[in-house]
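Subject: Structure handover

Hello,

Here is the structure for you to open alongside this note. My findings follow below it.

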Amino acid sequence: MEQKKRSSFSSRIGFVLAAAGSAVGLGNLWRFPYLAARYGGGIFLLVYLILALTFGFSLMITEIAIGRKTRLSCIGAYKALDKRFGFLGWLAAFVPFIITPYYCVIGGWVMKYLFTFISGNALEAADNGGFFSNFIGYDAGSLSSTIFSFNGPTPWFILFVLATTVVVIFGVEKGIEKASRIMMPILAILAVVIAIYSLTIPGALQGLKYYILPDFSQFSVSTVLGAMGQMFYSMSLAMGIMITYGSYMQKENLLEHSVTQIEIFDTLFAFVAGLMIIPAVIAFNGGDPSQVNSGPGLMFITLPMVFDSMKFGTIIGAVFFLLVLFAALTSSISLMETLVSVLMDKAHMKRKTATIAITASCLIIGMLSCLGYGPWATITIIGMQFLDFFDFISNSVLMPIVALLTCILIGHVVGAKVIADEVKEGAGSFHREKLHRVMVRWVAPVMLAAILASELATKVFHLFTI
């Protein structure tokens, strides 16, 4: 009965746009350019492309096939494959439970910067970090005045959560699919426009050469590990999202073809994100790739200064942050939908009730990250602010573990044939079946163990050296 009532995307293109929208998020825009600049530009791009076509493809098609086969959210899906791995579904669901609140906090930051540029205050945002520090660390003296002031991050966080909620509450076809059909084409157009414009900046050619021409002397194990780690951010892997979206996919849709399209769209967007950012930042910093810094520093400090130095910089900055807002929304929608799907499946809640429950929990937990740089800045966990801690636990620990155990389940317990049979249903063939089997059984587990060990070793080293 549950399967008959389950919502579904109305078409394959609707599924592809929604899944690609989930994959295209802040990870592409502020993490991919930084890693590309850090690990040698063109050589990182080449390694990432190879991994996307092998490692990323294998994990993504596995998760989507699990969802379509079981027609369940991640908690029920893993249990349906093997009862002994029922715990893995809960672990996978815990990832978006951690990520969604702090991701919405960052989405609120994007809203604030978009408003700042649209209102003509671009110069105010381009003060080498002062504006950003004052904004996220805003403390008006009392907690109530801090929370309700638009000079601080909390109202923007709440607005972003509500925008996400509105889409999710309308459901799969009328909400997620419809929003993706609107936002994804606009997102692609804006990205190309900004990329073309950034390449016209004097000095951008040097950054372009660094970005697209592989220098094999820059290749290292760190390049591979960095590219593999980025796969999780770029392709929404190991957090239950692709299983959830797969469960909404119609059986007659060609699974392998759909995953290939998602893969191409996501990889192209990551490439264009680099085109938007790397040449412009390198030109702005006199040809120094090391100035393409990571995370919030790139998005909210460096880029506003770059826009301020451009002709029509206020307009370009406004367009850029509109693009980032759409990218953040498509990802936050998929994160919230994964949690809503769990409540609908396990607690038998109606969509509206489940969405309201997840929204409430997101607002409560998100306040920790929202105020973690302001009134609660003195409170840290293993030396990290709330947002940084949640990011570390979810992305550096839980996601590699979920992916590793998924590979063990599919490759060595139930067998890769389970996925292959699901892919062939309606298509009759699975062109990359041998690649998938080898990757899931042998290559991916080794890679995932290396990522997890590397992340944990780096954090332990940092803790003992501060």
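Start with Thr330, which counts as buried because its relative accessibility is 4% (buried is under 20% relative accessible area, exposed over 50%, partly exposed in between, with a 1.4 Å probe and protein chains only). A word on the source: this is a predicted model, where local features need pLDDT of at least 70, side-chain atom pairs count only at pLDDT 80 or more, and totals for chains, interfaces and linings use all residues. Residues are numbered from 1 along each chain as its sequence is written, and side-chain values use heavy atoms, with hydrogens and water left out.

Thr330 sits in helix H17 (helices are DSSP runs of H or I, at least four residues, numbered from the N terminus). A polar atom of its side chain lies 2.9 Å from the backbone oxygen of Ala327. Leaving aside residues up to four places away in sequence, Thr330 touches Gly21, Ser22, Val24, Met183 and Met184 (contact means heavy atoms within 4.5 Å).

Next, the packing of H17. Helix H16 (residues 295–309) packs with helix H17 (residues 313–346) at an angle of about 150°, and their axes are 9 Å apart (axes are lines fitted to C-alpha atoms over the stretch in contact; angles run from 0 to 180 degrees between N-to-C directions). From H16 come Met299, Phe300, Leu303, Pro304 and Phe307; they meet Gly313, Ile316, Gly317, Phe320, Phe321 and Val324 of H17. Nine of the residues in this contact are nonpolar, two are polar and none is charged (Ala, Val, Leu, Ile, Met, Phe, Trp, Tyr, Cys and Pro count as nonpolar, Asp, Glu, Lys and Arg as charged, the others, Gly among them, as polar).

Now the cavities. There are three of 30 Å³ or more (a cavity is a set of points on a 1 Å grid over the protein atoms alone where a 1.4 Å probe fits but cannot get out; lining residues have an atom within 4 Å of a point). H11 (172–198), H15 (255–284) and H16 each supply at least two lining residues. By class, that lining has nine nonpolar, one polar and no charged residues.

The second largest cavity has a volume of about 40 Å³. Phe97, Leu339 and Cys362 are among its lining residues. H18 (351–370) and H6 (86–118) each give at least two. H18 has the largest share, four residues.

Best wishes

Terms used
A polar contact is a pair of N or O atoms within 3.5 Å; within protein, one must be able to donate a hydrogen and the other to accept it, and residues adjacent in sequence count only if both atoms are side-chain atoms. On a 1 Å grid over the protein atoms alone, a cavity is a set of points where a 1.4 Å probe fits but cannot get out, and a pocket is an open set with protein on both sides within 12 Å along at least five of seven lines; lining residues have an atom within 4 Å of a point. Grid points are joined across faces, edges and corners, and a volume is the space filled by probe spheres set on the points.
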